[in-house]
Amino acid sequence: MIEFRLNNKKISTSKPSGSLLLDFIRQEERLMGTKIGCREGDCGACTVLIGELKDGQMKYQQVPSCLTPIGNLSGKQVVTIEGLNMEKLSPVQHHFVEESGTQCGFCTPGFVVGLTQHCLSEQPANYDKAIASISGNICRCTGYKSIERATKKVNDALSEKDTNKTIEWLVDHDFIPAYFNDVPKELKILASQVKTKRVGLFVGGGTDLYVQRHESLVKQNLDFSVNYPALRFIKIADSQCKIGGGSTVTDLLESKPFTSLFPQLVKHLKLVSSAMIRNVSTLAGNFVNASPIGDMTAFFLALDAKITLTEEAKSRTIYLKDFYKGYKDLDKTAGEIITEVIFNIPFGKFNFEKVSKRTHLDIASVNSAVSFELIDNIFTKVHLSAGGIGPIPTYLHNTCKYLNGKALSAKTIMSANEVMQAEISPISDVRGSVEYKRLLLRQLFFGHFIELFPEMITLDKLVSTY
Amino acid sequence: MKNIDSKSHVTGKSIYLDDIPTMQGCLFAVVLGSPVAHGTIQSIDYSKALSMPGIVRILTHQDIPGENQIGGIFPDEELLAAEEVHFQGQPIAVILAKEEHLAFEARKEIILKIKEHPIVVDAREAQAKDHLIMPPRTFRKGKLSSAWEECAHIIEGRAQSNGQEHLYLETQGAYAMPLENGNIKIASSTQGPTAVQRMAAKVLNIGMHHLEVDVRRLGGGFGGKEDQATPWAIMAALGVQITQQPVKLVLNRIDDMRMTGKRHPYDSDFKIGLSKDLKIIAYEATFYQNAGAAADLSPAILGRSLFHATNSYDIPNVQVTAYSCKTNLPPNTAFRGFGGPQGMFVIESAIAKAAKALKISTYQIQQANLLQTGDVFPYGQKAEDVLLAQMWTELEQEYKLRAIEKQIQHFNKKNQHFKKGFSVMPITFGISFTKTPMNQARALVHIYSDGSIGVSTGAVEMGQGVNTKMLQIAADTFSIQRSKIKLESTNTTRVANTSPSAASATADLNGKALLQACHALLDRLLQNAAQHFNANPKDVFIKNEVVYLQDQATDLTWAKLVDQAFLDRVCLTENGHYATPIIHYDMKTEQGTPFAYHVYGLALTEVTIDCIRGTYEIDSVKIIHDFGKTMNPTIDYGQIEGGLVQGIGWMTMEEIRYNEQGRLLSNTLSTYKIPDIYSVPKEIKIIATKTEGHELAILKSKAVGEPPLMYGIGAYFAIDNAIKAFNPKANFQADAPYTTEKVLMNLYKR
């Protein structure tokens, strides 16, 4: 039995834990406001909110219900557009109407739900964050300008929000129905009944798995890392940063210790899918998925991270760069799961680069990350990664080796590029031709140093040397 | 006035096809598409699939009682392939199951043996092999052969524009229900209810009167549901005819993307000749339209490419030839602009290339050749009320074109990593279906005895706000509260023989029909009131639901008047009919007046490219648009913004890719990217140019659906302009979309 709350109603279901929330909402509950657009988390038409109690506070995140297995929902609250409707329009709904942020209307409930997440956030109102809350929602009609205008009005209406009592404030100001006040109480009753036991395949966020293997997964009972609080932590101690394998990308963004290590983290992770997907997708999932262009994999390869693989009582720790043996071939047994990701701090300078057809919410053509220390202008501890240029997420051993001990200069970088070009093997596909991927990686490699040393390394120096 | 559906949209209460409650016993249909792009079917083994749980029936061409034919213009497309398949994804069979997932599982167990034949995916190759949908068409003006001698500069080149996936958020779908006596009701997500009815009747071998097609609304259409909503509706209806159970067929996204056609890719050659003072003296072009495996609407789309081949320019000597080339891709179809954008892209490419060769700004050539009132298009229509010169003045005064050019030059001198570029994109777009008989519409208005009103028209609401405009027309004509009026679904039993909602003409045609119906009813009501007042009907009018006699309010309210008229046995129902006057066209001579009027506009686009990464942002698009006298600025401005962004998507990130076997590679939203909220222009400004509008436009408010899409073409040339600032050796290339890949490759072209 899986028990959760759907809007203001308790749900008990014996459906397989791998079956999807979107189908449950539409087919079982006949709530038709949540729409089917793409079934792969790329359009936002099926956006719902998931609320859970954290330290006694309700925390709401927007997720794509098409990729959300109901096994992920135990003890939580799901909010659909119907659960936001009141006698009068909420300010989010009102401003979408007033600014004509809706034309055909098919994407609209998803936008309304997504933007309501921004309202529910315990953070003060912020326009960029408001836009980020709907960054995973696609609209084909409006061209988004009217949606931007509506978002601005909504954000302005939140300027007085009392972030100590967010929910109460929102209820008092008719942003959400009054039942939201009682949700913590209801969830506490459910929480005492939540039990987890290993039942089947272990799944992280499932954001890629459900795209690849949808038909078989929905019939199964699965095990979800989000149900294991022990897998979700971020700790810094003894010159190491340790992250639980079940941590989501959003967890990284919201962790003060982690963000303090990466001043550009928001900029970097904004390039990684949408807020909605970041809320769900886990680090371990990204690593095990072994996509040659996994963004988080490239990110952590460049930190020379290690991973701890655990099966029951047995554990071992290996370098992430040694995890990949070939295309989708991992140094991992079927029973092992990634419980921990570890990297050393400090790691000196760091940069992450990614280019795709569309800058946001797209899979990279090529990505790359680097970390290194520079002592008296000499490179040391260089770790460089790239994705999209071979069958696996690639740690560029030869280029790292070449750079170590060299002085930072345009010339060094140019020569290192030659080494790098010799150790990659891109193929032509829908994300770009071989020639493009080679050129792009060169440019991203240059980009690392132009970003980190804008005074010293400039594009014209690099290109003219070329 | 806001879109009348907006409240139900924001609360998730609007009902789309897939939200209609299904009746008991409803079957779910999944379509089996061809796994190969060209071949002869040798055998199909359905036995295992049929034995699977929940599988009720598998429909094939043998189950079709009538014609196995859905071609609208030419009969060249089977509903279900009988012997040959001509594109990957071409429907072969329809699996009917008690649950949708069971049908999907059964589909995997169907064993197909198909003998493969060579395929053609390239339009030029098809033309060379004489694989044509129809004979080529040529538009001529002046004397091209002698004109080249007068030219000081002659520039030749090639221009390519790729297709575009419609990506309506709501996929294709239909839901058919059995009624008594072999009658069937079809709910369809279609822009063309009559097309569904007509074709279904043929396939099912029954009269059109046995079929009722009903459309509440579409979750986006953009042309993709003009003709290509039809097959799914017929399949569902066929399932009903055979099983006598309701059948629902909703394509999933991948099936939708691989089975349906898109905007036509065009590959073209051009030759342009200019005088010393930059007058375009001669223009010659050949278009190779990639039609896909069947005609669909390709012939009409080809026509519009020719009509718009010279865009907004007066050119004395023109010859443009267009080939509709048959390839082994899904039949390409209508998409906002309907071939117009493809034709315009070629001449804009020619002008941009000429400007590069002459080392001048592209807009200098554009400005020197702008169309003026009285000029004659190559197809013989005289240009009326041309606003382009006036708009150009506004472009310079309001948007400071020349100052922007200077600022950009200055920025580019100072910045190394980022370069800016700009472009001007003029548009001239003809309004009317180019097939004259399609320019007709009807509207049915019932005034109920309590004074409330039901309005039915042939217009399909798909987000463009046409129902809102219809409601406005009725409410304003009667001068009653808008809440008294309901816009009914679009239904073939209430309004018959409709043209599809397309060609930007829906509001004009249906609005004019509605206006007629409302005026006829109003006349009868005023007549009735006058009789009771014993007055002249000319002295009676209604304002805010009160009847006035000689400018004095009377006790007679709208509701009382209606009740009184009903008791007096006045007919409170009216059917309005409208057919656009003046238009005519002769395909033999390629001369005539195909358009009721033209819509004009200018867009100034500014972009910034990141020369390290090859990425770019659209900084702003500043538009001067000819709305006529807009009857609903909210809706019309929304159309401009939305159309523009769709056009930018076509020109920048939306890249359709087929492999050599004719398989669609960009078959999901993760591999086919349309603009998201971060990629749209940071600023869109719209100025409505001053104009009186046009009599043939509804309430002088000009059509606004398609024209703004073509402003998006400006993004392509602005990006090219910025690349040139970084790399003087960059190629001029006219090969849309300008993906980040093409940008980076050209930035570093040596």
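Before going on, the basis. This is a predicted model, in which local features need pLDDT of at least 70 and side-chain atom pairs count only at pLDDT 80 or more, while totals for chains, interfaces and linings use all residues. Residues are numbered from 1 along each chain as its sequence is written, and chains are lettered from A and ligands numbered from 1 in the order in which they are written.

Back to Asn227(A). It sits in the loop that joins β7 (223-224) and β8 (234-237) of chain A. Helices (H or I, at least four residues) and strands (E, at least two) are DSSP runs, numbered from the N terminus. The C-alpha atom of Asn227(A) is separated by 8.2 Å from that of Ser74(A), a residue 153 positions away along the chain.

Now chain A as a whole. Its secondary structure amounts to 19 helices and 18 strands. The radius of gyration of chain A is 23 Å, close to the 23 Å that the globule rule gives for 466 residues, so chain A is as compact as a globular protein of that length. That radius is taken over C-alpha atoms, and the rule is 2.2 Å times the number of residues to the power 0.38. Along the principal axes, the C-alpha atoms fill a box of roughly 70 × 55 × 40 Å. Of the 466 residues, 55% count as buried. Among contacts in chain A with a separation of 6 or more, 65% are between residues 24 or more positions apart. Two residues are in contact if their C-beta atoms, placed from the backbone, lie within 7 Å.

The domains of chain A are domain 1 (2-191), domain 2 (228-344) and domain 3 (349-465); such bounds come from an automatic or database domain assignment. Between the C-alpha centres of domain 1 and domain 2 of chain A there are 27 Å. Where they touch, 12 residues of domain 1 of chain A meet seven residues of domain 2 of chain A. Strand β4 (residues 57-64) of chain A gives the most to the domain 1 side, with four residues. By class, that side has four nonpolar, eight polar and no charged residues. For the classes, Ala, Val, Leu, Ile, Met, Phe, Trp, Tyr, Cys and Pro count as nonpolar, Asp, Glu, Lys and Arg as charged, and the others, Gly among them, as polar.

On to chain B, which has 19 helices and 30 strands. Its radius of gyration is 27 Å, close to the 27 Å from the globule rule for 750 residues, so chain B is as compact as a globular protein of that length. The C-alpha trace of chain B spans about 80 × 80 × 50 Å along its principal axes. Buried residues make up 60% of the 750.

Chain B is divided into domain 1 (25-117 + 172-250), domain 2 (266-434 + 587-747) and domain 3 (440-579). The C-alpha centres of domain 1 and domain 2 of chain B lie 37 Å apart. Their contact takes 18 residues from domain 1 of chain B and 20 residues from domain 2 of chain B.

One helix of chain B deserves a slide. In α9(B), 10 of its 10 residues are buried. The cover over them includes β7 (137-141), β14 (280-292), β15 (317-326), α10 and β16 (418-431) of chain B. The axes of α9 (residues 298-307) and α10 (residues 340-358) of chain B come within 7 Å and cross at roughly 35 degrees. Axes are lines fitted to C-alpha atoms, for helices over the stretch in contact, and angles run from 0 to 180 degrees between N-to-C directions. Arg304(B), Ser305(B) and Leu306(B) of α9(B) make the contact with Gly340(B), Gln342(B) and Gly343(B) of α10(B).

Last, the interface. There, 62 residues of chain B are in contact with 62 residues of chain A. On the chain B side, α1 (6-10), α17 (633-651) and α19 (740-747) of chain B each give two or more residues. The largest share, six residues, comes from α17(B). By class, that side has 23 nonpolar, 24 polar and 15 charged residues.

Terms used. A residue is buried if 20 or more other C-beta atoms lie within 10 Å of its own, exposed if 12 or fewer, and partly exposed in between; C-beta atoms are placed from the backbone.
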